Amino acid sequence: MQSSIFAGFSQQLLNGFGTKVNTRNIRIAKNNRRIADLAFSQQAITTITNTITAYWELVFARENVKVQQQAVRLRKNLRRQ
């Protein structure tokens, strides 16, 4: 009768080896910075757009008040005649 026992193990010697693994955190940081830059740009564009819109709405409202005041004056002048 013959018996045998075999024990084996393996180790991944090249796992985690190379420049990609070593620069992973740098690439993640660069991607995060790019995302932050794009988010800031988007927020700046939104803020500027809202400011311009608010300005033109104010201009419209002021001109509308002038037109309404002129209409009231014209109505008063027509009643006097």
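These legends describe close-up views of a predicted model.

**View 1**
The protein has 81 residues. Helix 2 covers residues 24-80. How much of the protein counts as buried? The share is 0%. The accessible surface comes to about 8,600 Å². Carbon and sulfur atoms account for 58% of that surface.

**View 2. The salt bridge between Arg 33 and Asp 37.**
The structure holds two salt bridges. One of them joins the side chains of Asp 37 and Arg 33. Are the two partners buried or exposed? Arg 33 is exposed, with a relative accessible area of 61%. Asp 37 is partly exposed, at 41%.

**View 3. The salt bridge between Glu 63 and Lys 66.**
Here the closest N and O atoms of Glu 63 and Lys 66 are 3.4 Å apart. Where do these two residues lie? Both are in helix 2. They are three residues apart, about one turn of the helix. Glu 63 has a relative accessible area of 41%, so it counts as partly exposed. Lys 66 is partly exposed too, with a value of 47%.

**View 4. An aromatic pair made by Tyr 55 and Trp 56.**
The structure holds one aromatic pair. Its members are Tyr 55 and Trp 56. Two values describe such a pair: the distance of the ring centres and the angle of the planes. For Tyr 55 and Trp 56, the centres are 5.0 Å apart and the planes make an angle of 75°. Why is the pair called edge-to-face? The angle of 75° is over 60 degrees, so the pair falls in the edge-to-face class. Tyr 55 is partly exposed, with a relative accessible area of 47%. Trp 56 counts as exposed, at 53% relative accessibility, because exposed means over 50%.

**View 5. A positive surface patch that includes Lys 76.**
Which residues form the patch? They are Arg 75, Lys 76, Arg 79 and Arg 80. Lys 76 lies in helix 2. Its relative accessibility is 48%, so Lys 76 counts as partly exposed.

How values were computed. Residues numbered from 1 in each chain as written. Predicted model: local features only at pLDDT ≥ 70, side-chain atom pairs only at ≥ 80, totals over all residues. Heavy atoms only, no water. Patch = residues over 30% accessible without salt bridge, like charges linked within 9 Å, V, L, I, M, F, W, Y side chains within 5 Å. Areas by Shrake-Rupley, 256 points an atom, 1.4 Å probe, with all protein chains shown as cover. Salt bridge = Lys/Arg side-chain N within 4 Å of Asp/Glu carboxyl O. Lys, Arg positive; Asp, Glu negative; His and termini not counted. Charge placed at Lys NZ, Arg CZ, Asp CG, Glu CD. Helix = DSSP H or I, 4+ residues; strand = E, 2+ residues; numbered from the N terminus. Buried < 20%, exposed > 50% of the residue type's maximum accessible area, 1.4 Å probe, protein only. Phe/Tyr/Trp six-rings, centres within 6.5 Å; stacked < 30°, edge-to-face > 60°.
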